[in-house]
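Please look over the sequence and the structure shown here. The paragraphs that follow go through them step by step.

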Amino acid sequence: MSKKLYVARCPRIAARKLGEETLVMAAQGSTLFTLNPTATILWQAADGVTALGDIVERHICSEFEVNLEEAIRDAEAMAQDLARHGILVISEEPIASRNSPAQEQRR
Amino acid sequence: MSLMQEMGERALRLGVPFSVHLDLTYRCNEQCVHCYLDHDDHGEMTTGEIKHLLKEMADAGAFVLTLSGGEIFLRKDFFEILEYARDLTFCIRLKTNAVLIRETQAARLRDLGVESIQVSIYSHRAEVHDAITKVPGSFRRSINAIRFLRSQGLKVVMANVLMTQNMRDYQGTHALADELGAKFTLDPTVTPMMDGDRNILNLNVSEYELHDAFRDETLIEDVPEFCAPPSAPDKDSMDSLPCSAGHTSCYISPYGEFYPCVQFPLSCGNVRERSFIDIWRHSEQLKEVRSIRLRDLSSCSQCAHGGSCSRCPGLAFLEGNMRGPSTQDCEKSFARTGIPSVNLLSKKQKKDQASPPRLVQIQLVPAITGRRLAEMGDAVAAVAS
């Protein structure tokens with residue numbers, strides 16, 4: 001991995017944890033998704049300022065017996081997929097204050 | 001099964017209040033002839049109380065939040081409440097007459113990621129709509145608002161209620177919704193006032209109009225299937241839940257009263273006195289509602305329509321017994337299939353027994369009444385055989 005990536009939850013989504021999974025609805029088109037337990041961990045930790053690699057190391061490798069580099073590769077692919085659906089924002093720079101639609105609107 | 005239905009079933013297994021309907025106010029800037037609410041303010045929850053409640057609801061796992069009224073935009077703190085709800089990542093659905101929505105409000109709703117906005121439109125003709133809302137100019141303002149909302153890419157649902165005043169207009173209203181890029185829904189039932197007053201039920205359309213509406217292919221996708229005679233309820237049907245009220249959904253009034261549904265005014269507690277989750281988990285009233293299965297319903301369990309009827313437990317409750325039938329739904333089942341329910345037959349029998357002997361044996365009756373009564377007789381024979 002050459003560069004650090006930062007991930008943040010997209011502001012215009014609705015989400016709720018239901019059991020081990022998370023239900024997410026993208027505002028555009030009212031498309032509904034469920035995130036599995038691993039994606040849920042990534043989603044919950046996506047604060048825009050913690051690097052994706054650090055999220056994987058702290059929250060995923062500590063929960064599951066996985067190799068760090070392999071887990072980061074999987075997490076990047078998962079993040080790209082979520083970004084394509086308008087659920088997550090990915091950047092090479094920290095992403096500040098993007099988790100709240102109200103905050104987003106006030107900026 | 002859609003993902004939303006699948007999540008609803010998961011919420012049921014987990015005991016989560018997946019969907020909450022919160023009325024922010026009963027005040028309204030329209031005075032619709034069919035409205036079931038008392039519009040006076042009897043002490044609405046404050047901004048702080050509503051925010052506290054929203055946090056409790058999010059913590060309890062509520063995902064879909066319907067904000068309604070009264071007219072929600074009459075609350076000065078509406079956008080503050082909405083912003084807070086979106087910060088809690090609720091999926092927000094709004095119900096409004098949209099009279100107070102202009103370009104600015106529509107843009108804010110878009111920016112806040114509101115999922116959909118339901119706007120009440122009762123006719124494609126301004127004079128009919130305005131006569132129902134009793135507000136001249138309300139049609140023009142609501143339609144303009146729908147245009148503003150659509151121009152922001154927002155999903156709009158145009159909600160119509162079928163009643164005597166507009167029964168000839170629903171097709172034109174549907175066409176107007178199509179023209180504006182809005183979805184269209186038609187509710188064929190005017191419901192009693194929340195205090196139980198049933199006078200507004202006089203606004204319901206007759207059985208004949210309902211019969212015709214249920215056979216309109218512009219409304220009903222598969223008319224033969226929709227209007228097919230019901231098959232007798234099987235064991236699975238007997239064990240089924242009447243509806244989601246109190247199971248995965250609930251309603252909170254502007255005064256904090258907790259009901260299973262907006263149409264089911266059985267008070268289960270007040271969120272000003274007890275926490276939302278405490279009421280959801282421990283209310284004796286909710287436990288009773290949750291215990292009811294089709295097999296427990298006095299006449300519906302014996303009825304051919306039992307497995308397919310749209311029986312509303314709230315309307316049954318308003319009729320006096322939450323385990324009893326909802327006559328309005330019986331009437332809909334009859335209009336749909338031509339087969340009277342056990343409840344309708346019982347009412348007819350009681351009425352016949354109560355009628356005094358006629359002194360005049362021959363009388364003129366409208367031809368259509370005779371035809372419909374004959375059909376009812378045939379249907380009774382069909383059920384009996």
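Is T66(B) buried or exposed? With a relative accessibility of 12%, T66(B) counts as buried, because the cut-off for that class is under 20%. The model is a predicted one, and this value, like the others below, is computed from it. T66(B) belongs to strand 2 of chain B, which covers residues 64–68. Leaving out residues up to four places away in sequence, T66(B) touches V20(B), H21(B), L22(B), R93(B) and K95(B).

One of these contacts, K95(B), leads on to the next pair of strands. Strand 3 of chain B, residues 91–96, pairs with strand 4 of chain B in the parallel sense, over four bridges. K95(B) has Q118(B) in strand 4 of chain B as its bridge partner. Strand 4 of chain B is mostly covered, with four of its five residues buried.

Strand 4 of chain B, residues 116–120, is in turn part of what covers the buried residues of helix 5 of chain B, and helix 6 of chain B is included in that cover as well. The buried residues in helix 5 of chain B are V128(B), H129(B), D130(B), I132(B) and T133(B). Just after this helix, K134(B) takes a positive phi of about 60 degrees.

How do the helices lie against each other? Two packed helices are described by the angle between their axes and the distance between the axes. For helix 5 (residues 126–133) and helix 6 (residues 138–151) of chain B, the axes come within 8 Å and cross at roughly 105 degrees. Angles of 65 to 115 degrees count as roughly perpendicular, so helix 5 of chain B is roughly perpendicular to helix 6 of chain B. On the helix 5 side of chain B, the contact involves A126(B), H129(B), D130(B) and T133(B); these meet S138(B), F139(B) and S142(B) in helix 6 of chain B. By class, the residues of this contact are two nonpolar, four polar and one charged.

Helix 6 of chain B also packs against helix 7 of chain B, residues 170–180, where the axes come within 10 Å and cross at roughly 35 degrees. Here F139(B), I143(B), I146(B), R147(B) and R150(B) of helix 6 of chain B meet L176(B), E179(B) and L180(B) of helix 7 of chain B. This contact has five nonpolar residues, no polar ones and three charged ones.

C32(B) sits in the loop between strand 1 (19–23) and helix 2 (47–59) of chain B. Its relative accessibility is 14%, so C32(B) counts as buried. Residues up to four places away in sequence aside, C32(B) touches Y122(B), I132(B) and T133(B). The C-alpha atoms of C32(B) and H129(B) are separated by 9.4 Å, although the two residues are 97 residues apart along the chain.

Further along chain B, the axes of helix 14 (residues 327–337) and helix 15 (residues 342–354) of chain B come within 9 Å and cross at roughly 105 degrees. These two helices of chain B are therefore roughly perpendicular to each other. T327(B), C330(B), E331(B) and F334(B) of helix 14 of chain B make the contact with N343(B), L344(B) and K347(B) of helix 15 of chain B. The contact has three nonpolar, two polar and two charged residues.

Chain A has a mean pLDDT of 84, and 86% of its residues reach 70 or more. Within chain A, confidence is highest in strand 1 (residues 6–9), at 93, and lowest in helix 4 (residues 101–106), at a mean of 52. Where pLDDT is low, the predicted coordinates should not be read in detail.

Methods: Residues are numbered from 1 along each chain as its sequence is written. Chains are lettered from A and ligands numbered from 1 in the order in which they are written. This is a predicted model: local features need pLDDT of at least 70, side-chain atom pairs count only at pLDDT 80 or more; totals for chains, interfaces and linings use all residues. Side-chain values use heavy atoms; hydrogens and water are left out. Axes are lines fitted to C-alpha atoms, for helices over the stretch in contact, and angles run from 0 to 180 degrees between N-to-C directions. Angles under 35 degrees count as roughly parallel, over 145 as roughly antiparallel, 65 to 115 as roughly perpendicular and the rest as oblique. Contact means heavy atoms within 4.5 Å. Ala, Val, Leu, Ile, Met, Phe, Trp, Tyr, Cys and Pro count as nonpolar, Asp, Glu, Lys and Arg as charged, and the others, Gly among them, as polar. pLDDT is the predictor's confidence in each residue, from 0 to 100. Buried means under 20% relative accessible area, exposed over 50%, partly exposed in between (1.4 Å probe, protein chains only). Two strands pair if DSSP finds at least two bridges between them.
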